[in-house]
Structures are given as C-alpha cells and as structure tokens.
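Visitor: I am new to this one and would like to learn how to read it. Could you show me the features and walk me through them?
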Amino acid sequence: MTTKRIAIAGFQHETNCFGVTKAGLHEFEMADSWPGMLHDGQVISDTEGMNLPIAGFAAAAKEVGFEVIPVLWCSAEPSAHVTDHAFETICEMMLNGIRDAGHIDGVYLDLHGAMVTESFADGEGEILRRVREAVGPEVPVVASLDLHANVSSEMVEHADYLSIFRTYPHLDMAETGARCVPILQRLIAGETLSKAFQPVPYLIPLHAQHTGSALFNEIYQMPVRFERQEILAEIALGFTAADFPDTGPSCVVYASTAQKAAAVAEEIVTLFISRETDLDCSMLSLVEAVSTCRQKRKKPVVLADVQDNAGAGGTSDTTGLLAALIEGGTKNVLMGLFHDPESAKQAHEAGEGALVELAIGAKSGLAGQISVRAEFEVLALGDGTCRYTGEMYGGGVATLGKTAALRLVGQEAEIDLVVTSLRNQCLDRAHFTHIGLTPESYSVICVKSTAHFRADFEPIARDVFAVSSPGAFLCDLERISYKCVARRLPNTCNASTCRQK
C-alpha cells in the first residue's frame, strides 16, 4: 500500500473588528501565548505534545502511517483586522509550500474561523478557496476550527470536512485536530460525505458560551450521540466581536446522504432555539463586584474582567475594575494581567523592593480610559518566560516580556497586580506563580479573561463572577454598533438581565 502524503499548515487569528491595533506580519512571527511562526519540520517539533490542533493531527497521522509534510504554522494574539500585507505574505508562503510538496493525497489546515482582514471579511473562506484552487477538486481538504468560529458557506463549500472544538475553555484542541485523521482516511479511500450547513438565528456573548454550563453540556452531547449513527455533527458558537455577515453560532453536519445531514442540522438548531432563554448572560456591575468582595469566604472569589480579554482582542489595560476596588477599599486582591510596558520598564529600572510612582493602564489609546496613578512596591521582577501548568496550555510557554509584580501602597485597599510588556490573556495560575505570587492565598482574584481562566482557577475558587467593566471586547451585545451582522441578539441577553448571579 502506498503511503499517503498529507500537507499540513496553520494560520490562526481571531479578529475583533472593534479592536485598537491590527495584526501585521510581525505579530504572526513573534511568540506570545503560542510559539512564533514555524516553518517545515519546526511545525511538528516545536508543537509536539502541546494542546494545539496541528499537534493532535500530526500525532494521530503518524499512528495511521500518513507521511506528513509540514509547511507552516503561525498565530497572532487576537486584535483588530489582519493587515493585507500579513495575509498575502502568509498565504503565499503556505500555498508555495503546498505546491512544492509534490504529489499529495490530502491537506489539513489548522484555522480559527473568525479571521477578518483589511480586504476579506471571511478570512478562512478565502484561505480555503485558495487552497482548493491550488490542489484541485479531487484532493481532500480538511480543517479544524475554534469553537468561536463564524462559519460561512464558503468555508463549508471549499473544505471536505470541518472539525470544531467542543469545549470552552478549549481543552480539546489537540483532540479536534486528531479527529480529522480518520475522516481524511475515509475521504482518501473515495468516500463522499454529504454536507448540511445551518446557522443559529441569534448571537451568544462569549461569557455565556462556557461549555461547563448545563445548557452547553446538553448541546455538545449531540455530536457524540450522532457519531453512533455514523453522522458527523460539528457545532460552532461564534465570535461576537467580528462584524461579519456570518457572525454567530452554526452547525455543519456530514452524513451519507444530504437528507440525513439536513435533518440533523435542523434538530441541532431547533434545540438552540428551544433553549435560548436558558442562556446565562449575567454580569456584575462594578458596584456589585466590590460588594461581593466584602463577603467572607474560605476560598477566593474570582472576578473576570470579561470585556478586557487579550484573547478576544482586548487591550488588557483598562482600569475600571482596578479603580473600583481601590475606591471600595477592597482587601487582599490579586489582579492580572495588565499590558503596560511602560510601568514594567519603570519597575525594572527601580528594582525589587523599591517604591515607585506609576500610572497603571490606559496606555493603548482606548477611548474613555484613565490610568490609575499611585505608589507601588516592586515585589518581584521577571523576564516574562512563563511555562503554563494548567490543563488548557500545560507544557506550553508564554512570552510576556519584562514583567513585574507590584503592590499598591498608601491606600486602604490591598491590591497586588502583575504588569507585562506583551499582551497575554490571564488564563493560567502560572501567570502569577512564575513571578512568586500564590493565587490561593488571596481573598479576591481578578483575571482579564472571559472563560478560559475557568479551567485553572475554578478548582481553587469559592465563586466565579463575570464583571461588566469597560473594555474593547463588549459582552453586552446591545452596546455593539454592528454594521454587517445579520443575526439578532438573544432574547435573554439585554441590559436588564445583567444581574448578580
């Protein structure tokens, strides 16, 4: 039997169309939460064992005897639009690598599903179109997508199969990549899968998409149930900061006949519609958040600054929650991560143990933000090399740049915080422990994250609350000035339901 040759590549970006800065080529070349741009054999060697789709695909492909031809893999921290220069440069490298691979029997792509570029509203649709044009109609093309993908009909058309994460926090990224391998085997053997694509008619804010909830636990049991009937059901929940006609939840179903696929897609969307009022879109106001911190608990309360999440294109330097906690005299608080290269630099120049006047946050230019000016003690300094220890990214290494742990002094409030030189979502306790802080010892932990933090922080928390504080990633969908989105807001997610849990 001839060994099957599979070209693999990855190009990842989650685009916040309301963000402040764009993603240029440098942002894809540099390391951040994930490795910097990888070429050829580095694609496998530098991701091996990580919870990444391409790593999961490569490992599973090896087990079945595929010859994998790695081309390129890159990602950039979520931000505003991908620049045309970055998009065209990376696409050209990827397509040249696929063409130069010689004869191939299939293609696997590690994509996100919510990329918007300066010229293409549907970035992944355009990537898949170009790849399909390069390899022709006979070569199977499969791809993995993020749970937050905004799936388009063009993406479905140009890919023979789309595999989508089923967990948020994303604990199954490698598993999702691996799930493409047996499907690719079937496609190479000549099997044809009929497709059905159907959108859900309403948007779901990201903080309500946590798959640990009863609602989404039920929804994500459906793909497992249909697998027993040899039907492949993939569900995406959408990324609401992308202003794109296909923004929102959807499902893609693959079956032996178009009728079977369409029937299952209809069943999935019907469940979404019937359970719409069960969505939990609640967020605490800043006043409620401060009040919550005064309650006595044996374990920390975790406050999620959900609208300032770097992992959703936030600036990670908003100060609304910090200012409220200071004004409220809140005790024993740990906060992070603040993207503030200027303050990190000043702390490094002052040295550990020094007292230094700093203006924390509000350096990104986001409208309406004001720095918090106060005196801080420099508790600890680091180079920003942070090895993740939590389940989601465990084994990976974050690159944070010059980092400092600071303690507020001269105020009634007791607050320690971490500032970094590179933007990074606070989703792992290692963001604190790598610089000598122990999250479990605090009464209140404030994280700039929307849901990914739950995997590593919920086990040590008494309670977890989403907080409505100003930021570049709006979870209150009524406040977003959409121009292109076609779907409506959910009936349960209006301002009046932003209540204390």
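Visitor: How much space lies in the largest cavity?

Guide: Rolling a probe the size of a water molecule over the atoms shows where empty space is left. In this predicted model, the largest cavity holds about 330 Å³ of space. It has 28 lining residues, with Glu-14, Trp-34, Pro-78, Gly-311 and Tyr-393 closest to its centre. On a 1 Å grid over the protein atoms alone, a cavity is a set of points where a 1.4 Å probe fits but cannot get out, a pocket is an open set with protein on both sides within 12 Å along at least five of seven lines, and lining residues have an atom within 4 Å of a point. Grid points are joined across faces, edges and corners, and a volume is the space filled by probe spheres set on the points.

Visitor: How many cavities of 30 Å³ or more does a search of the whole structure find?

Guide: The search finds 3. As for residue classes, the lining of the largest cavity has 12 nonpolar, 12 polar and 4 charged residues. Here Ala, Val, Leu, Ile, Met, Phe, Trp, Tyr, Cys and Pro count as nonpolar, Asp, Glu, Lys and Arg as charged, and the others, Gly among them, as polar.

Visitor: Which residues lie nearest the centre of the largest pocket?

Guide: They are Thr-21, Glu-27, Glu-77, His-339 and Arg-423, out of 23 lining residues. The volume of this pocket is about 410 Å³, and its lining divides into 7 nonpolar, 9 polar and 7 charged residues.

Visitor: What should I look at where helix 3 and helix 8 come together?

Guide: Two packed helices are described by the angle between their axes and the distance between the axes. The axes of helix 3 (residues 53-63) and helix 8 (residues 180-188) come within 9 Å and cross at roughly 55°, which makes helix 3 oblique to helix 8. Angles under 35 degrees count as roughly parallel, over 145 as roughly antiparallel, 65 to 115 as roughly perpendicular and the rest as oblique. Axes are lines fitted to C-alpha atoms, for helices over the stretch in contact, and angles run from 0 to 180 degrees between N-to-C directions. Helices (H or I, at least four residues) and strands (E, at least two) are DSSP runs, numbered from the N terminus.

Visitor: Which residues of helix 3 meet helix 8?

Guide: Phe-57, Ala-60 and Ala-61 of helix 3 touch Cys-180, Val-181 and Leu-184 of helix 8, where contact means heavy atoms within 4.5 Å. This contact has 6 nonpolar, no polar and no charged residues.

Visitor: Where is there a cis peptide bond?

Guide: Most residues other than glycine have a negative phi, and most peptide bonds are trans. Tyr-168 and Pro-169 are joined by a cis bond with omega about 10°, and Pro-169 sits in the loop between strand 6 (161-164) and helix 7 (173-178). Gly-336 to Leu-337 is also cis, with omega near -10°, and Leu-337 belongs to strand 11 (residues 333-339).

Visitor: How far can I trust such details?

Guide: Residues are numbered from 1 along each chain as its sequence is written, and side-chain values use heavy atoms, with hydrogens and water left out. Because this is a predicted model, local features need pLDDT of at least 70 and side-chain atom pairs count only at pLDDT 80 or more, while totals for chains, interfaces and linings use all residues.
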